[in-house]
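Here are my notes for you, written as numbered points. Keep the model open beside you and look up each place as you read.

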Amino acid sequence: MVGTGMVTGKEEVAEGVVSLTLADPDGARLPDWTPGAHIDLVLPDGTVRQYSLCGDRWDAHTYRIAVLREPDGRGGSAYVHDRLRVGDRVGIGGPRNNFPLAPSNRYLFIAGGIGITPLLPMLHQAELLGVEWQLLYGGRTRSSMAFRDELLASYGERVHIVPQDERGLLDLDAWLGPPPEGAKVYCCGPAPLLAAVAQSGAGLGPHALRTERFSAAERGAPVRDTAFEVELRRSARTVRVTPDVSVLEAVRGAGVEVVSSCEEGTCGTCLTPVLDGEPDHMDSLLSDHQRAAHDCMLVCVSRSCGDRLVLDL
């Protein structure tokens, strides 16, 4: 379901980063959300992008997001930076949360660049709960690090700012090896940072490390390169999925609509229950234990390990 929002504020919060404030055009209450949630932003030109909510979750009438200009992106960030104005109307889908803050007595938050955005509400939540936490925040330069001054003013020495041009890369081994006892580690940022955190945090306990990607991980080849069948149980239809189409495309071709957004396996919009069969998971979202359960899949990118899948569609 996509609603309508109005841009009520736009400001530059760092070099190459703008913050947008969104509200209902009629002043109505917006849907509630929890730390780690994101929304779909449907731009006037039809472009759909996902952005983490980084404002005050207790403010029922406004959302805040931050958008990094990406010169090599697909045009969404350029539209926001160059063309979107206060007073413009946009579509808003969600919010959805694939990166929830799990209970803990201690947290270590690690952000790389614009990856700070989903962590901001988590810091506020940890502060409200009175638990121990620290933030390690890296960026290319001090001027490119969004909300830097806001963080330092609010939380002081629990925030560790590490501009790469001044201090080099984050010293993850010092922070994660040995791992902080009993801490849950939340990390968001570019793929090289996530890989480095996974390596340095190899000694963390089960489910202690939670990460979120803003772009899809590199995918390997599918398990099979031949066609397979997908039964759509509720629709009483069966479709054949050939190697050149996705499950999502095949299902839509049969006249069964599935809501999707990123179509890269990162946002979770098209998550679909699996009733039978073994999915070949090719997404960048589901955890290992979710994949092992074989009870859901992202139909935009994932496929089948066997000859047949049964979906709850």
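**Notes on the model**

1. Let's start with Ser246, which is buried, with a relative accessible area of 12%. "Buried" here means under 20% relative accessible area, while "exposed" means over 50% and "partly exposed" is in between (1.4 Å probe, protein chains only). Ser246 sits in the loop between β13 and α7 (247-253). Leaving out residues up to four places away in sequence, Ser246 touches Val241, Val299, Cys300 and Arg303; a contact means heavy atoms within 4.5 Å. The helix and strand names come from DSSP runs, numbered from the N terminus: helices are H or I with at least four residues, strands are E with at least two.

2. A word on what you are looking at. This is a predicted model, in which local features need pLDDT of at least 70 and side-chain atom pairs count only at pLDDT 80 or more, while totals for chains, interfaces and linings use all residues. Residues are numbered from 1 along each chain as its sequence is written, and side-chain values use heavy atoms, with hydrogens and water left out.

3. Now find Pro279, in strand β15 (residues 279-280). Is Pro279 buried or exposed? Pro279 is buried, with a relative accessible area of 3%. Not counting residues up to four places away in sequence, its contacts include His294, Cys296, Met297 and Leu309. Arg303 is also among the residues that Pro279 touches, and you met Arg303 as a contact of Ser246. Glu212 is another matter: the C-alpha atoms of Pro279 and Glu212 are separated by 22 Å, and the two are 67 residues apart along the chain.

4. Next, the sheet. In which order do the five strands of the open sheet come? The order is β9-β8-β7-β10-β11, and the pairing is parallel. β9 and β11 are the edge strands, as each pairs on one side only. From one strand to the next, the twist averages 15°. Two strands count as paired if DSSP finds at least two bridges between them. As background, strands of a sheet pair through backbone hydrogen bonds, either parallel or antiparallel.

5. Zoom in on strand β10 (residues 184-188), where four of the five residues are buried. On one side, β10 pairs with strand β7 (residues 106-112) in the parallel sense, over five bridges; Lys184 in β10 is the bridge partner of Tyr107. β10 also pairs with strand β11 (residues 209-212), again in the parallel sense, over four bridges. Here Glu212 in β11 is the bridge partner of Cys188, and Val185 stands opposite Leu209 in β11.

6. Follow the chain through β10, helix α6 (residues 191-200) and β11: together they make a right-handed β-α-β unit. Right-handed means that, with the strands pointing away from the viewer, the path from the first strand over the helix to the second runs clockwise.

7. Which of its residues are buried? Arg148, Leu151 and Tyr155 are. They cover an arc of only 70° around the axis, which puts them on the same side of α3; the arc is that of the directions from the helix axis to the C-beta atoms. Asp149 and Ala153, on the other side of α3, are exposed. An α-helix has 3.6 residues a turn, so residues three or four places apart point the same way. The cover over the buried residues of α3 includes α2 (119-129), β8 (132-139) and β9 (159-163).

8. Most residues other than glycine have a negative phi, and most peptide bonds are trans. Phe147, in the loop between β8 and α3, is not a glycine, yet has a positive phi of about 65°; Phe147 is buried, with a relative accessible area of 5%. Ala236 also has a positive phi, near 55°, but Ala236 is exposed, with a relative accessible area of 71%. You'll find Ala236 in the loop between β12 (228-232) and β13 (237-241). Finally, the peptide bond from Gly94 to Pro95 is cis, with omega near 5°, and Pro95 is found in strand β6 (residues 89-96).

Terms used: Axes fitted to C-alpha atoms, helices over the stretch in contact; angles between N-to-C directions.
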